[in-house]
Amino acid sequence: MSTNKIVSLALQGGGSHGAFTWGVLDRLLEDGRLGLEGISGASAGAMNAAVMAQGYIQDGRDGARAALERFWTSLSTGAPLDYINTDAAPAVITNPTPMPGMQALLAMTRFFSPTQLNPLDINPLRDILLEQVDFERLRRQRELKLFIAATQVSTGTLKIFRNADLSVEVLLASACLPSLHRPIEIDGEAYWDGGLTANPPIFPLLHACSARDVMVVLLHPSRRAGTPTTSHDIGQRLSEISFSSAFFTELSALALAKREAENSTLAFGSLERRLRQLNVHMIDANELMEQLTNLSKLNTQASFIGSLFQQGRERASEWLEQNYAQIGHASTFDLGRFLP
């Protein structure tokens, strides 16, 4: 890449809310001033990472943008479960009411396992990935380092799959919601959604990449106003916390390690020097995500996907205008807020 600055990306998961990340990536690729070394991701973040890498190794930035557009267009037009029509304009996000069939399916997940509800293990996402991603070529490429998160069911611990491990099963494992999909088996081990244990993982970008700047694209609101009181709001907030707690714990550990490295009078170790140089950046849309319910993560309506995409592009444009000069020099996100 002919660029001025090199960064690594960490992409959070969140179902169809990942279309916001698509918009962010599309704008960053269009801008052309940032080079990419590594990308980590969980769930929808893993999909965005792999699809973008596939497009890039085929045809550079334009190929990456086209690949992401093709993937999300396929999701928004080919999903068997859709939402009722809304008149959402491209810049307006709404929470459409799910169709009765969708509501019935979600209710049944409280009483039946994915194996009982889907005995044939039908997953349209598998077909889209197999059609659009050349996993053999993705495993061979060395231009982008990929780190895909999944959760090992037997131990409840994080598993990071790297370039040489990539397959359709790895991506499906990273996005496997336990209530909706049966576990994905890889080499005799069962895996669930990577967002349960790292959403997204940061440490691989610290240990396996040399870029001093890590840019995180968040989909879950980092803070919600008020205290939930209804059963619906309590359930939604519990879900958000469960898919964000591992990430915030990792940020706390990173903040502490970075502070210790910076306070050390002598930095002999490579990790210590790496921590001193590390800059962290966040691109999010907290106000937007506060408006959205957990059910909207299953909304594959084209207008909804398109709205999120546009919001992502606009947020990335704002971020670049305000913060591009700091990349390579200083963090634009305050890790100190996670220090005791």
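Student: Why does Cys 176 count as buried?

Tutor: Its relative accessibility is 1%. Buried means under 20% relative accessible area, exposed over 50%, and partly exposed in between, with a 1.4 Å probe and protein chains only. At 1%, Cys 176 therefore counts as buried.

Student: What kind of model is this?

Tutor: This is a predicted model, where local features need pLDDT of at least 70, side-chain atom pairs count only at pLDDT 80 or more, and totals for chains, interfaces and linings use all residues. Residues are numbered from 1 along each chain as its sequence is written, and side-chain values use heavy atoms, with hydrogens and water left out.

Student: Why does Cys 209 count as buried?

Tutor: Cys 209 has 5% relative accessibility, so it counts as buried.

Student: What makes a set of residues a nonpolar core?

Tutor: The members are buried Ala, Val, Leu, Ile, Met, Phe, Trp, Tyr and Cys residues, joined through side-chain atoms within 4.5 Å. The largest such core here has 66 residues, and Leu 9, Phe 20, Ile 39, Met 52 and Leu 129 have the most contacts inside it. Helix H2 (residues 44–78) gives the largest share, 14 residues. A second, separate core has 25 residues, including Ala 42, Cys 209, Val 214 and Phe 338.

Student: Which residues is Leu 129 in contact with, leaving aside its neighbours within four places in sequence?

Tutor: Met 47, Phe 71, Phe 135, Val 168, Leu 171 and Leu 172. Contact means heavy atoms within 4.5 Å.

Student: Why does Val 133 count as buried?

Tutor: Val 133 is at 6% relative accessibility, so it counts as buried. It lies in the loop between helix H5 (124–132) and helix H6 (135–140). Beyond its neighbours within four places in sequence, Val 133 is in contact with Val 51, Gln 54 and Leu 138. From Val 133 to Phe 71 the C-alpha to C-alpha distance is 9.6 Å, at 62 residues apart in sequence.

Student: Why is E7 described as largely enclosed?

Tutor: Five of the five residues of E7 are buried, so the rest of the structure largely encloses this strand. Asp 213, Met 215 and Val 217 cover one side, Val 214 and Val 216 the other, and all are buried. Helices (H or I, at least four residues) and strands (E, at least two) are DSSP runs, numbered from the N terminus.

Student: Which strands does E7 pair with?

Tutor: Two strands pair if DSSP finds at least two bridges between them. Strand E1 (residues 5–11) and E7 have five bridges, in the parallel sense. Ala 10 stands opposite Val 216 there. E7 and E8 also pair in the parallel sense over five bridges, with Val 214 opposite Val 280.

Student: Where is there a hairpin?

Tutor: E3 and E4 form one, with four residues between them. Their pairing is antiparallel, over six bridges. In the turn, Gly 156 has a positive phi of about 70°.

Student: How do you know that the span of H10 is close to the expected one?

Tutor: The expected span is 1.5 Å times one less than the number of residues. H10 (residues 245–263) has 19 residues and reaches 27 Å from its first C-alpha to its last, close to the 27 Å expected. Its buried residues include Phe 247, Leu 251 and Leu 254.
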